[in-house]
Amino acid sequence: MKQNTITQSIIKARKGKIAASLQFMTPIWFKVLLVISILGWIELIVYGILCKTKKN
């Protein structure tokens, strides 16, 4: 499979059955940042609930 300068796949079409399979692989740093972000939101929510219960 050939790719152009911005790494897009180049597929030449012919008559008949054509099938293309493309896959995007998520970088590991994205997964790490996503987990950190989710944990941060959970911590913020728990902290907010604890502060609210202390005031009441």
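Does F30 count as buried, partly exposed or exposed, and at what relative accessibility? F30 counts as partly exposed, at 42% relative accessibility. Here buried means under 20% relative accessible area, exposed over 50%, and partly exposed in between, with a 1.4 Å probe and protein chains only.

The model is predicted: local features need pLDDT of at least 70, side-chain atom pairs count only at pLDDT 80 or more, and totals for chains, interfaces and linings use all residues. Residues are numbered from 1 along each chain as its sequence is written, and side-chain values use heavy atoms, without hydrogens and water.

Helices (H or I, at least four residues) and strands (E, at least two) are DSSP runs, numbered from the N terminus. Helix α1 covers residues 28-55 and spans 41 Å from its first C-alpha to its last, close to the expected 40 Å; the expected span is 1.5 Å times one less than the number of residues. Among the 28 residues of α1, the count of buried residues is zero. Of the 56 residues of the chain, 0% count as buried.

One aromatic pair is found in the whole structure. The ring centres of W29 and F30 lie 6.4 Å apart with the planes at 80 degrees, so the pair is edge-to-face. Rings of Phe, Tyr and Trp (its six-membered ring) pair if their centres lie within 6.5 Å; planes under 30 degrees apart count as stacked, over 60 as edge-to-face and the rest as tilted.

| Residue | Relative accessibility | Class |
|---|---|---|
| W29 | 54% | exposed |
| F30 | 42% | partly exposed |
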